[in-house]
Amino acid sequence: INFFEVTQDSEKEALGRNLRECPPPYEVYIQTRPERMAYSYDKYNLGMADLNKLRTEVQRILKLMQIARLDFLNCPPMKWAFDHDPDYLDKLGYNLGQLKKEGLLRYAAADTFSGEEIYRKMIESGVFDVIYVNFNFGDHTPMETLKLAKEKGMGVVTREVYMKGDLFKMAKQAGIEDTVSLAEAAMRWQLTCAPVVLSCE
């Protein structure tokens, strides 16, 4: 396991502390998102389009985790950001580029809950290094979108392998008791899909 995705501040602090106290014998990658700027938490996702606000938030995260640079910043705007400001992606792209130049950030991840149209717009913008998507037995991103990301030279990081635990509830209802084999099968299924390069629950 070399990829860790954390969201809330308590998770960020704990992961940073754990990695300091028990450093892994190999390189690990950390992804997180800006607090109160993602999805529908921030109207029109204005915070991510403001360089000073985004920089301040990334610096806050780095201080909280006690790390020098963030590997992946997950940027999840919604459709309303693009409808409100036609130049939104250009502004976000500039901001991410500046944070990279300043050494605060290595990679940017494209994420949204506004559907395939927005994912494709983000992929085609050239702003992002990877896409971050739901991908599992019951809720998966169309392969065309994943293939487009690979064609653009982007990484593909998937989430919700176990559907937030619902996979095991469904298995129990179906009389499947071997949850270890089920978990392994779900992970193998994800990783046999050619465009998928990293997977996390």
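This is a predicted model: local features need pLDDT of at least 70, side-chain atom pairs count only at pLDDT 80 or more; totals for chains, interfaces and linings use all residues.
1. By class, seven charged, four nonpolar and three polar residues make up the lining of the largest pocket.

2. Next, the packing of helix α1 with helix α2. Helix α1 covers residues 9–21 and helix α2 covers residues 51–65. Their axes lie 8 Å apart and the angle between the two helices is about 45 degrees. Angles under 35 degrees would count as roughly parallel, and 65 to 115 as roughly perpendicular; α1 and α2 are therefore oblique to each other.

3. On the α1 side, the contact is made by D9, K12, E13, L15, G16 and R20. On the α2 side, E57, R60, I61, L64 and M65 take part. Sorted by class, the residues of this contact of α1 with α2 are six charged, four nonpolar and one polar.

4. Helix α5 (residues 116–124) packs with helix α6 (residues 143–151) at an angle of about 10 degrees, and their axes are 10 Å apart. Because angles under 35 degrees count as roughly parallel, α5 is roughly parallel to α6.

5. The residues of α5 in this contact are E116, Y119, R120, I123 and E124, and those of α6 are E144, T145, L148 and A149. The contact of α5 with α6 has four charged residues, four nonpolar residues and one polar residue.

6. The last pair is helix α7, residues 166–173, and helix α8, residues 179–191. These helices pack at about 130 degrees with axes 11 Å apart. An angle has to be over 145 degrees to count as roughly antiparallel, so α7 and α8 are oblique to each other. The crossing of α7 and α8 is right-handed.

7. From α7, the residues L167, F168 and A171 make the contact; from α8, they are T179, L182, A183 and A186.

Definitions and conventions:
Residues are numbered from 1 along each chain as its sequence is written. Side-chain values use heavy atoms; hydrogens and water are left out. Axes are lines fitted to C-alpha atoms, for helices over the stretch in contact, and angles run from 0 to 180 degrees between N-to-C directions. Helices (H or I, at least four residues) and strands (E, at least two) are DSSP runs, numbered from the N terminus. A crossing is left-handed if the near helix is turned anticlockwise from the far one by less than a right angle, and right-handed if clockwise. Contact means heavy atoms within 4.5 Å. Ala, Val, Leu, Ile, Met, Phe, Trp, Tyr, Cys and Pro count as nonpolar, Asp, Glu, Lys and Arg as charged, and the others, Gly among them, as polar.
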